[in-house]
Protein chains: 2
Amino acid sequence: MPSYTAPTKDIQYVLHEVLNVSGSDIPGYSDLEPEFTEAILEAAGQLAAEVIAPLNPVGDKEGCTLQNGVVSTPKGFREAFEQVKEGGWPGLDMPEDFGGQGMPYLMGTAVGEMFSAAGQAFTMYQGLTHGAASAILVHGTDQQKATYLPRMVSCDWTGTMNLTEPHSGTDLGLMRTKAEPQADGSYRISGQKIFISAGDHDLSENVIHLVLARIAGGPEGIKGVSLFIVPKFMVNEDGSLGARNGVSVGSLEEKMGIHGNATCVMNYDEATGYLLGAEHKGMRAMFTMMNEARLGVGMQGLAQAEAAYQNAVAYAKERLQGRAVTGAENPDGPADPIIVHPDIRRNLMDQKSFIEGARAFMLWGAQLIDQSHRAGDAEAEGLISLMTPVLKGFLTDKGFEATVNAQQVFGGHGYIEEWGMSQFVRDARITQIYEGANGVQALDLVGRKLAQDGGKHVMAFFEMVKSFCKENGEGEMAAFTDPLKTASKDLQSAGMFFMQHGMKTPNAALSGSYDFMHLFGYVCLGLMWARMAKVSLAALANGTGERAFHEAKLATARYYMARQLPMTGTLLKRIESGADPVMALPVEAF
Amino acid sequence: MPSYTAPTKDIQYVLHEVLNVSGSDIPGYSDLEPEFTEAILEAAGQLAAEVIAPLNPVGDKEGCTLQNGVVSTPKGFREAFEQVKEGGWPGLDMPEDFGGQGMPYLMGTAVGEMFSAAGQAFTMYQGLTHGAASAILVHGTDQQKATYLPRMVSCDWTGTMNLTEPHSGTDLGLMRTKAEPQADGSYRISGQKIFISAGDHDLSENVIHLVLARIAGGPEGIKGVSLFIVPKFMVNEDGSLGARNGVSVGSLEEKMGIHGNATCVMNYDEATGYLLGAEHKGMRAMFTMMNEARLGVGMQGLAQAEAAYQNAVAYAKERLQGRAVTGAENPDGPADPIIVHPDIRRNLMDQKSFIEGARAFMLWGAQLIDQSHRAGDAEAEGLISLMTPVLKGFLTDKGFEATVNAQQVFGGHGYIEEWGMSQFVRDARITQIYEGANGVQALDLVGRKLAQDGGKHVMAFFEMVKSFCKENGEGEMAAFTDPLKTASKDLQSAGMFFMQHGMKTPNAALSGSYDFMHLFGYVCLGLMWARMAKVSLAALANGTGERAFHEAKLATARYYMARQLPMTGTLLKRIESGADPVMALPVEAF
């Protein structure tokens, strides 16, 4: 069975040495002293390692079941969920007014990585609740907030997002679910939603569905879509639960992975719903959930990679096969551990340099969200809006790749379910698909975010990289800033190509959108590694007591610069080949 | 449920227009006239599409079961296996002396792609038999051949390969299974083997295990390993089956995919075995099977990609979401089919340009094997020996990637098992692992094959590319030969880097071995696409009646050159970064 150890030290390094969070003037950040965050991370890490992780293979094997309309989660999920609730973890970064702990989103993200790494399917129940609660927090009336938030912040009630219908996925304008206005101001919701994660289960007293639907007589397409709160059980005035609402589970999907999470077909049959936010402005309200959810999914990609990596390292140190080409390193044993072989190292370093760079990127992104929400910083908001599709798309693509590489270290043992490596791959795979498939993220990035506010945010990003390199490019740091400059130049050239061709030939930009998302991701991780190199070089120069730790950071940074970042050259070439190679073939020739 | 249509026309194109097989002087090739091969391919394609493909999801869902020591295959496998046998397909390229049809290996490969694409798990029963029969054919005594081959060629008896033990995978020198010589010349085999594909089942009367074991008193390590024939049921002098031998199934593995194939733990308990080939020369005999098996596995990677691609194309043409950015293409419908979107095209073209290039590469490889075996051509043998790890490693890595991309086209529908796309991914994943994990292929390529015969074969390959480009680089062909030259130069530079550094620092070569395998693969497919471009340009110039077909080949070739082949630049940079980035981190810092 795979094991998991929370990477507390690595997270602390990013929070305090790289991001210097307690020195930030973002409201709430001054509390985030190293001892304080360490205590939180250690408690979360212990719960992740000891309670959530052991359930992960159980959930995979057992899955969820639907009997007589009732969904049951795998054995042990209820007890573990109670422990998570008792610790107050679901409300960690929710407002104190509603029973939360009022900490920054940053801390929710750091803890979220641990919980997701230990059990993605399990942690989704609480993650979706968080997203739904956030939407109510931003768009709900005072009464709605008072009714739902305290119970959702505690996870006594859980939440869901209902977007997809059988014929309507990415294109939500095609949606058919109807909402008929009632005399009392409520609506009757009717229709079918599919792929509803955590759609029903036995972990909570009530499930609060957020459902996109059309109000009869509204505009066609996406502009006629509104968002509704549809509770599984009606809520009485005194907060007690009333009758069952007209919502039921049609079936559970059989999936490649995340078996421990109930993916439901939900049938709404004149269910009572309450408008959340303005009429016909459902997409705006939903996007509050979706942006947060997208960051959360990027984090899941990183988390699965971390969990898989830890097990691959352990196996590579234990498994004895062959001898180091430079001479036996375990001469008394029958063979050397496979970590002596360069190609195993190459594989592990690919994973490690991605994971640690991605973690810094993710936590930086979470900090930008806090800067935007807590400090009202419009530039931070613009930057994180730009980078959200990159965080989602790049971190899940590379995260999935990392789980495949980790599985590969095990050889045949990786392919059998017994060792648990297959589950990491199968679970990680969904992160590339849900909350907007990665192709849609790329479209969002190139079709919308790049030009947002006149291209101001991408220019700010370029400027940030440029000034970092200028201010820090001397001496030993040149080994990190020089490759970063080259990669950033590739990214700028790609942006320039889109500017020159995109207006006249939109397909020239869209054909390169996926490559651009990756190119952007490589540069972001390059910036993160350059920042980490700076921190660790300074620590070593200042005689740190943690020499080995900082030397490892530098070695990993060098690996990233030498062997990952050069990918930007190929991506730029692909982009600059434009639309013709992609669009030339007539449809019937496929 | 996914469907499959055999790509007969594409295979015919490679056989006759690209490889010009019936014009070759390889013995047996003159029979391969277009009408003749078409008849074979159409019959095989029909069997694949109508009999094998419908069973593929059944096998995945049902899997194999072990009850009271007896393995049962999924419902329908027995009947389908009978149909394959009745058609004489297992013996297609086996000698007529033993009941085969005596056709070239090339034809076995072409048919094998179809069968594997339709059902990998199912087709493995016959594929492993073919490998075992080949080893007996090359290394067996006349009596062994007479006893086993006729029944194995017909698949009345099936075969297996028994190499791996729990502690001994890649490093077969660690193996412990023992063989004790008996007075009658036979041996008593005792030990445990794991991961034995098709180890037992209900499709055949007998199972002929080829088992690696140590003869007591022999040398230690790999030099003391011999190969044995161990039948499940003893064979009497008259060919009838006798008593059950001392071999039994310990358990079946639960795997990520290929559920329809029984992966067995095999226990040998003083089982009677017969030496195959010379004492202590087991590896040599086993390699006969393994080289063939490695090509076969590369072919499986291609086959899964093809099957997944076909379904992704069908879905992309049917699924209506969003509108083309250049204006509605299905104005009367609620939305356009998603194939109008550039990023869906990019995805499909990645798959298509890989698959068709890989098919040409694979069939060329099969031709080289025939040239080596049938015409005794040592240069062909050297070249295919060099390229075997590339065919195995590159085609399975890119084949797996293609199945993931095909799954991605389906969005959420790709992740649920109902549509069958998950199975292609899960089944394809094993091809990167078995018959030598791809890291081991890379080691074989760089550590052994490159320098074989003084580097003669890799030089011959470079020369082949160079002269092709020189002879064909004028006019329209320059668009194909120029990128190929650049890529080939990258490959040569990588080879040069290994020569300069590999002797002094073996890790400098081994650190880049995986990248080199891919770099080689990209160049091979580049050569194939340049050859196909030449053929199709000529066909168009000569007023072919198949304009659309050849124009599609050219568009796909252009895509490959513009968007796939540039990867060689990044791979070269990785290789040239040498051992330091890969090896710098101390083991304890992982």
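Colleague: How many salt bridges are there over all chains?
Modeller: The count comes to 52 salt bridges over all chains, a salt bridge being a side-chain nitrogen of Lys or Arg within 4 Å of a carboxyl oxygen of Asp or Glu. This is a predicted model, in which local features need pLDDT of at least 70 and side-chain atom pairs count only at pLDDT 80 or more, while totals for chains, interfaces and linings use all residues. Residues are numbered from 1 along each chain as its sequence is written, chains are lettered from A and ligands numbered from 1 in the order in which they are written, and side-chain values use heavy atoms, with hydrogens and water left out.

Colleague: Which residue forms a salt bridge with Asp60(A)?
Modeller: The partner is Arg426(A), and the closest N and O atoms are 2.7 Å apart. Because Asp60(A) lies in helix H3 (residues 55-62) of chain A and Arg426(A) in helix H12 (residues 421-429) of chain A, the pair ties together parts that are 366 residues apart in sequence. Helices (H or I, at least four residues) and strands (E, at least two) are DSSP runs, numbered from the N terminus.

Colleague: Turning to the two chains, what area is buried between chain B and chain A?
Modeller: About 7500 Å² is buried between them, and carbon and sulfur atoms give 61% of that area. Buried area is the accessible area (1.4 Å probe) that two parts lose on being put together, summed over both. In chain B, Tyr415(B), Arg563(B) and Phe590(B) lose the most area to chain A, together 12% of what that side buries.

Colleague: And how many residues does the contact take from each chain?
Modeller: Chain B contributes 87 residues and chain A contributes 87 residues, with contact meaning heavy atoms within 4.5 Å.

Colleague: How many salt bridges and polar contacts are there between chain B and chain A?
Modeller: There are four salt bridges between chain B and chain A. In one salt bridge, the side chains of Lys61(B) and Glu254(A) meet at 3.2 Å, N to O.

Colleague: Which helix gives the most to the side of chain B that touches chain A?
Modeller: Helix H9 (residues 342-375) of chain B does, with seven residues. By class, that side of chain B has 43 nonpolar, 23 polar and 21 charged residues. Here Ala, Val, Leu, Ile, Met, Phe, Trp, Tyr, Cys and Pro count as nonpolar, Asp, Glu, Lys and Arg as charged, and the others, Gly among them, as polar.

Colleague: Within chain A, what does the domain assignment give?
Modeller: It gives domain 1 (54-87 + 119-280), domain 2 (285-443) and domain 3 (454-582), with bounds that come from an automatic or database domain assignment. The C-alpha centres of domain 2 and domain 3 of chain A lie 19 Å apart, and their contact takes 30 residues from domain 2 and 26 residues from domain 3.

Colleague: What area is buried between domain 2 and domain 3 of chain A?
Modeller: The buried area is about 2400 Å², of which carbon and sulfur atoms give 74%. On the domain 2 side, Ser353(A), Trp364(A) and Phe394(A) lose the most area to domain 3, together 23% of what that side buries.

Colleague: How many salt bridges are there between domain 2 and domain 3 of chain A?
Modeller: The count between these two domains is one salt bridge. There are also 10 residue pairs in polar contact between them (both at pLDDT 80 or more). Helix H10 (378-409) of chain A is among the elements that give two or more residues to the domain 2 side, and H10(A) supplies the largest share of that side, 13 residues.

Colleague: Which feature does UniProt place at residues 161-269 of chain A?
Modeller: The unreviewed UniProt entry lists "domain: Acyl-CoA oxidase/dehydrogenase middle" there. UniProt positions are given in the numbering used here, feature names are shortened, and annotations may be inferred rather than shown by experiment. In the model, residues 161-269 of chain A are 0% helix and 50% strand, and the end C-alpha atoms lie 17 Å apart.

How values were computed:
A polar contact is a pair of N or O atoms within 3.5 Å; within protein, one must be able to donate a hydrogen and the other to accept it, and residues adjacent in sequence count only if both atoms are side-chain atoms.
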